[in-house]
Amino acid sequence: MEFFKCTIGGEIYGTGMTEIERGVAERKGIKAQEVQTSTNPVREKGFNFDDVRLMRGAWRNEPNPDACKEFFRCLAICHTVLPEGDESPEKIKYQAASPDEAALVLAAKHFGFFFYRRTPTMIYVRESHVERMGKIQDVSYEILNVLEFNSTRKRQSVVCRYPDGRLVLYCKGADTVIYERLVGGSDEIKKVTREHLEQFGSAGLRTLCLAYKDLSPDVYESWNEKFIQAKSSLRDREKKLDEVAELIEKDLILIGATAIEDKLQEGVPDCIETLSRAGIKIWVLTGDKMETAINIAYACNLLNNDMKQFTISSETDAIREVEERGDQVEIARFMKEEVKRQLRKCLDEAQQYFNTVSGPKLALIIDGKCLMYALDPSLRIMLLNLSLNCSSVVCCRVSPLQKAQVTSLVKKGARKITLSIGDGANDVSMIQAAHIGVGISGLEGMQAVMASDFAIAQFRFLKDLLLVHGRWSYIRLCKVVTYFFYKNLTFTLTQFWFTFNTGFSGQRFYDDWFQSLYNVIFTALPVIIVGLFDKDVSSSLSKRYPELYKEGIKNIFFKWRVVAIWAFFAVYQSLVFYYFVTDSSSTSQGSSGKMFGLWDVSTMAFTCVVVTVNLRLLMICNSITRWHYISVGGSILAWFVFIFLYSGIMTSYDRQENIFGVIYVLMSTFYFYVTLLLVPVAALLGDFLFLGVQRWFFPYDYQIVQEIHKDEADDNGRTGLLGTDNHLTPDEARSYALSQLPREISKHTGFAFDSPGYESFFASQLGIYAPQKAWDVARRASMRSKPKPKPTKMN
C-alpha cells in the first residue's frame, strides 16, 4: 500500500504511472513512458507521492491552501493509528489496523503534518508551514468521539476540538457513502472530484473521500448525550451507535480524495493464468470500484480482450435519475426490475454463444448494488446460471456479507467445491463460508489466517498448494482408500469361500490373532508410506502441465468404475488364495507323513495373502523409495517373526495348541516354497496384465507426462530448481546455483574450499552471471604447475 495521488478542492496532485496503467496502455498498443519526476523526490515505504506543488510547504502557494490544510489535518487526525519509537520523523513507526490507514498518516507526515503522539483523549501533531513558511509548531487536538469504521458504515469519523475551541467532525470513507452525506451546493467540485475518482479507479488505485463539518457547541452537546446513551447500551449497541452516527454525519463539506496504490504481489498474474488452465473458475469479490476491479482483473490475466464481457452496473442514467428523486421504495422496485432485465438479457446473449462451435469465453462483471438485488430468491437462480457459464466473474463494491452470500450460492446452489482466499478481516466471512479457506498472512493482519484452513505467505503459493500438494494428496487418498478396500475384501473373501465347505457352521478359517493383526501390523506400514510419499510427477511438471489437475476435478481416480475394478481383482485373488492352496494341500503331507490340517492350510493361505497384498501395493506406486522397500519387506518379515514366535513359543493356552509348530512343519516341506512362489505370481498376473494394457492403450494424462519426461532429472536436481516456474527470485536462484557449483579440494590444506578461479566459468555454463572475486587471479597463479627444471648434463 503506497500513497500515490490525491485530489484536493477539485485539483489533482501526483505524478507517475501505476502498474495497472502500464497494462492498460500495453493492451491498447501504446508504448507506456514513465512521467518525469522531480529531481529530489521523497521515498519511503508506504509513500510514493511526487508533486512539487504540495511538498515542503509549496501547498501554501496553491489556489486552495485552506482546503489543503483541512485535507492534511484530516489525514493526521481521523485515524486510530498508534505511534511507536522516537518522536522524530525519521525513526517513528506507525501501528495501524490496515496498511492503507498507515499510508495516509505517513502521507500527512511528509506533507508537514507529523502525528507523533497519542493519548486516550489527545492527538499531537507537529505542523509545518501553516502560518508561514518554515515555521513549525506542535498542536494538540482533543479527541472527543471516534465513530469507528465497519463494513456496513464504510466510513470513519472523528470529532475533535482545536486548541482555540473549534469543534470539527472529520470523516473519510467510500465515495458512495460520503457523497450521500454532502451538503447541498458546490456541485462543480463534486463533479470534478467524481471524475478524478474515476481516473484513479481506472488506474487501479484505491480511493477514499475526505470531508469535514464544523459543529456548534449546542449541537454537539445534544448529540453527545445520545452517543453516550448508545455507547452504554447493553442491547444492540452497534446498531444504536450506527443510528446515532447518522445524525451527525450529514451536511458534510467535501475536501478531496486520496488514491493509494495496492500493488499486486509477485507472480499473481501467472498464478491465476495457470489455475485457469487447470480448469478452476476464478471469481473476484472485492470492495474496490468497478473501474479498479476491471483493470486489476486485466492485470491478473483474469480478463482479456478476447472475452465477451457482460456488465451489470448501477451506474446508469436511468438508475441515477430514480435515485435523485429520493423515494427509497421506488428505487428498490426500479433497481430490482432493471437487474432482472439485465440478467435476462445477458443470459439470452450467453445462450447464443453456447450454441456456436468456437465462441469466445464469457465474463460477468457486477457491482454491489445490483448484486444485492440479484441475490434475491427470485433472481439468484438466473444469476447462478449466468455465472457458472462464465469463465471469470468480477463482483465489485461488495460488502463482506455479500462475499459470503455469493460463496454460499455457489456452494449450495451449484453444489460445487469452493475455495476462498483473502488477506483481510473483511474476507473472514467469505473464508468461513467456503469448503476450504485460505488466508494470506501479510500487512492486512492475521484475522483471515486465524479463520482459514490453510495459511500461505503470498498468493502465488496457491499454485503449489493446489496443483502440487493438493493434487498429490488427492491421488494418495484415492490410492489409500481403494487399497484398504481391496486388501480387506481380499482377506475377508478367503474366509467367505471357506464357509461353503463348512456348511456355514461358523468354523473360522484363520486364527483370531491373524485377523486382529492383519490391519494393525502386517499391512499397515506400507499404505502409510504410500499416503505420505507417493507422487506421480514432480512438482515442476505438475505446474508445467496444470491440465493434470482436471483429473481430480473429474474425480477420475475415485469413480465407481475404479472401485469395481479393485473389487473384481480382490475376488479373483481371494479365489486363487483359497482354492489353489486348499486343492494343492489335499495331496500334500508333512515330513512326518501326516496330511496337512486346517491350521496348516490357513497359515499357508494367510502367508500368501500377506505377501501378495504388500507386493500389490508396490504395483500402484508411481515413485518407489527406500522407505517403500523397507515398509513392504518389514511387514512381510514381521509376519514371519510373529508366526515363528506364536507357533513355537506361545503355546501355554489351550486355544493355541492347534497351531503349535505349524510354520515349522510347513517350512520343512518343498510344498511351502513352491506355493509361496506360484500363488502370489498367479494372483498378481491379472493385475499386471491389466495395468500394462491400461498404460499402453488407455493411459491417464499423468502417465503420458511420465513417458515424455522419463529421461529427465527430478526436482531435486539443479535444473529443476533453476526453472522459470519456481519461487526463487533471480538473486536467490543465482545464490543457489553458485552453491551447487563444483568444488575443489585445496592442495594446500586438508579442507574443501570454493574454487573462485573457476566459479564464474561453471556459472556461465548455467547462464548465470557470477563476477570474479578479488583473489581469483592470485589463486589461479598459485595453482599453476611450475615448469620442470631442465636436467643438467653430466660430463
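Buried means under 20% relative accessible area, exposed over 50% and partly exposed in between, computed with a 1.4 Å probe on protein chains only. The model shown is predicted: local features need pLDDT of at least 70 and side-chain atom pairs count only at pLDDT 80 or more, whereas totals for chains, interfaces and linings use all residues. Residues are numbered from 1 along each chain as its sequence is written, and side-chain values use heavy atoms, with hydrogens and water left out.

**View A. Asp251, a residue with positive phi.** Asp251 is not a glycine, yet its phi is about 55°. The residue is in the loop between α7 (237-248) and β11 (253-261); helices (H or I, at least four residues) and strands (E, at least two) are DSSP runs, numbered from the N terminus. Asp251 is partly exposed, at 45% relative accessibility.

**View B. Arg56, a residue other than glycine with positive phi.** The phi of Arg56 is near 55°. Arg56 belongs to the loop between α1 (19-27) and α2 (65-77) and is partly exposed, with a relative accessible area of 48%. Most residues other than glycine have a negative phi.

**View C. The largest nonpolar core.** Such a core is a set of buried Ala, Val, Leu, Ile, Met, Phe, Trp, Tyr and Cys residues joined through side-chain atoms within 4.5 Å. The largest share, 12 residues, comes from α23.
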